[in-house]
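Subject: Structure handover

Hello,

Here is the structure I promised to pass on. Please open it alongside this message; my notes follow below.

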Amino acid sequence: MPKRSPAEQLDQAISALLSTSQPLPEANSHPSIAALVSLVPSLRSMPRPEFKAALKSELQRRISMKEATVPSPAPAKAVQFRRANFPNIAPYFLVEGAPRFIDFLVAAFEGTERIRVPRPDGSIMHAEVAIGNSVIELGDANEQYPQRQMTTHLYVPDADATFARALQAGAASIYAPTDDHPSGDRWGAATDPFGNTWYIATAKGWVPGPEGVLTVQPYLHVRNAHDMIPFIEAALDAKATGVHKSPDGIVRHATIEIAGATFEIDEASGESQPNPSYLHVYVPDTDAIYAQALAAGAKGVHPPYTAPYGDRAASIIDPFGNTWFLATYLGTTQP
Amino acid sequence: MVAARRPAQQPSPQAADERLLVEAAQADLSKFDVLYEIHFDRVYFFIVSRVHDRTAAEDLTSEVFHKALAHLPNYEWRGSPFSAWLFRIASNAIVDHFKRSHREQQADDLEHSLAQPDLSSTDLDFIERRVHFFRLVEQLPEIQRRVVCERFLEDRSIREIAQRLNKTEGAIKQLQFRALHTLRAQIGDRDA
């Protein structure tokens, strides 16, 4: 029988140890091999590199989410350009059947309808529903602004209860709230009857700052998200407050702040395909931002004008297909 | 070696650096990464020395760092190493883990042992040796490191590893041998 090599002897001893959890009898093993086999328990107690990397990634994502939900204090000037009851970047839903959509928001998310501007035919030109400390805007879709299926991140006190109410109100479950979401929060997802996706989350294991968390944040799945960050910074004076990238540069999550309010983006993949959205954001100077956005590559939809409701307004489309309604509040008293 | 027992009155340059790192992370949470990289190994080996189950150890390590991140703004530097705070969080998580597992008596015993103000030098020595060993593994040539991880952490057979790395089984055994031989040479006669 040919003599086995040290590598063969070592592997035989290791295989015996791994299969029986018993060391090979000393008599059957050369001392130098035994010395190597004695390292096996230490090797088996090591952390998996994948686990270490995944946990780091989870923590980075959570940091990014925390920065998303506790925006830095807006400058004093913000009080002058933003309506007081408009703290967030509002997703603007244009849907076929806006009255039914309002009913859904009220039933599913305990929304409070605060404005409804009807057209003569009964459709809705503009409406606002307050949810938690935030606001959602909506209207009936039309030829110029067709319905889009958007994604919104909700922070609520009890994700399970809200998720159950959403299903009761007609939403379909994507997945029930779970503690295993990479964000570390309790997190579920559902699709409403209009095809919009809602991420329903409750902060878990961390304490929001004194500002609390914004209930509503638009969430954009973007193709080439890494290109959106420099664009949005140049176009809208935005600041990426938390960017979590994979080692190969894919944006896994980023929080973008514009004038003290935030939205979230990530790279579109799998089920989360690009979802061009309508967004309404208050900025310090609509005219200046409009010009800046066009210079950065945005396409103008409506140049700045003074709207009858007291805002300086304009709209643009960014290179990723999102429509931005820009606004600066011109009033001197808060409504 | 026994960092937790170092007198707090005269902070070492190392402690001062650590304090700066903690304060930087408190001011900007994105800098928590640095603390994670420094302390991950110690926390993991602290836990795995008490919870002899990799899945549970990973869950608890995850819990410790999530809690540390959540409570970092409230952390106050009192002269002890930052790792001592992490070990305290880990101790509580381990006790809770055993209570959840209905191993009350073990939990009570553990709670008693963890109630000591400092870890024993034996504990710390064990953790430091494991950390050192882990870092030696990380410094192995990439192909050897991968074989070691696949064999001992992913529980793959020599045949599976050979297929995955597109090599012969004999070559994988040689790489395994070289890796362990290198590690043994680096740590000498000591336990890993």
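In which strand of chain A is Met125(A) found? Met125(A) sits in strand 3 of chain A, which covers residues 124-131. Please keep in mind that this is a predicted model.

Met125(A) has a relative accessible area of 46%, so it counts as partly exposed. It also belongs to a nonpolar patch on the surface.

The largest nonpolar core has 65 residues. Those with the most contacts inside it include Leu43(A), Phe32(B), Phe65(B) and Leu180(B). Helix 2 of chain B, residues 32-48, gives the most to this core, with 10 residues.

Leu180(B) is worth a look on screen. Leaving out residues up to four places away in sequence, Leu180(B) touches Val148(B) and Phe152(B) in chain B. Across in chain A, Leu180(B) touches Leu10(A), Ile14(A), Leu36(A), Leu39(A) and Leu43(A).

There is also a second, separate core, with 38 residues. Among them are Phe81(A), Ile256(A), Leu279(A) and Leu326(A).

Last, chain B as a whole. Chain B has 9 helices and 0 strands. Of its 192 residues, 45% are buried. Among contacts in chain B with a separation of 6 or more, 61% join residues 24 or more positions apart. Chain B exposes about 10,000 Å², and carbon and sulfur atoms supply 48% of that area.

Best wishes

Conventions
Residues numbered from 1 in each chain as written. Chains lettered and ligands numbered in written order. Predicted model: local features only at pLDDT ≥ 70, side-chain atom pairs only at ≥ 80, totals over all residues. Heavy atoms only, no water. Core = buried A, V, L, I, M, F, W, Y, C linked by side-chain atoms within 4.5 Å. Buried < 20%, exposed > 50% of the residue type's maximum accessible area, 1.4 Å probe, protein only. Helix = DSSP H or I, 4+ residues; strand = E, 2+ residues; numbered from the N terminus. Contact = heavy atoms within 4.5 Å. Areas by Shrake-Rupley, 256 points an atom, 1.4 Å probe, with all protein chains shown as cover. Patch = residues over 30% accessible without salt bridge, like charges linked within 9 Å, V, L, I, M, F, W, Y side chains within 5 Å. Salt bridge = Lys/Arg side-chain N within 4 Å of Asp/Glu carboxyl O.
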